[in-house]
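Take a look at the model below.

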Amino acid sequence: MYSSQIRSKNHDRKNVNTTLSQSLYKEIKLLAKKLDRPANELIEEGMVHVLNQYTKNK
């Protein structure tokens with residue numbers, strides 16, 4: 001079986017499909033490039049931020 005040497009398999013991660021605002025995604029990609037980080041990391045960071053915000057307010 002093929003095994004990528006670029007990114008190792010992480011069984012805690014799940015591929016998802018969603019739709020995003022094109023302009024919002026473009027801004028995230030530009031920021032990711034500026035910060036030299038993957039856009040996926042910034043999106044995930046934002047998701048954690050939202051979860052923390054809403055669980056603090058309970």
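What percentage of the residues of the protein count as buried? The answer is 5% of 58 residues. Keep in mind that this is a predicted model.

Start with the fold. The protein has 2 helices and 0 strands. Helix α1 covers residues 22-35. Helix α2 covers residues 39-56.

Next comes the largest pocket. Its space amounts to about 1000 Å³. The pocket is lined by 22 residues, and R13, K14, N15, V16 and N40 are the closest to its centre. Which element gives the largest share of the lining? Helix α2 does, with 8 residues. The table sorts the lining residues by class.

| Class of lining residue | Number |
|---|---|
| Nonpolar | 9 residues |
| Polar | 7 residues |

Rolling a probe the size of a water molecule over the atoms shows where empty space is left.

Last, look at the loop between α1 and α2. D36 lies there. Is D36 buried or exposed? D36 is exposed, and its relative accessible area is 70%. Exposed here means over 50%. The backbone of D36 also deserves a look. Its phi is near 55 degrees, a positive value in a residue other than glycine. Most residues other than glycine have a negative phi.

How values were computed. Residues are numbered from 1 along each chain as its sequence is written. This is a predicted model: local features need pLDDT of at least 70, side-chain atom pairs count only at pLDDT 80 or more; totals for chains, interfaces and linings use all residues. Side-chain values use heavy atoms; hydrogens and water are left out. On a 1 Å grid over the protein atoms alone, a cavity is a set of points where a 1.4 Å probe fits but cannot get out, and a pocket is an open set with protein on both sides within 12 Å along at least five of seven lines; lining residues have an atom within 4 Å of a point. Grid points are joined across faces, edges and corners, and a volume is the space filled by probe spheres set on the points. Helices (H or I, at least four residues) and strands (E, at least two) are DSSP runs, numbered from the N terminus. Ala, Val, Leu, Ile, Met, Phe, Trp, Tyr, Cys and Pro count as nonpolar, Asp, Glu, Lys and Arg as charged, and the others, Gly among them, as polar. Buried means under 20% relative accessible area, exposed over 50%, partly exposed in between (1.4 Å probe, protein chains only).
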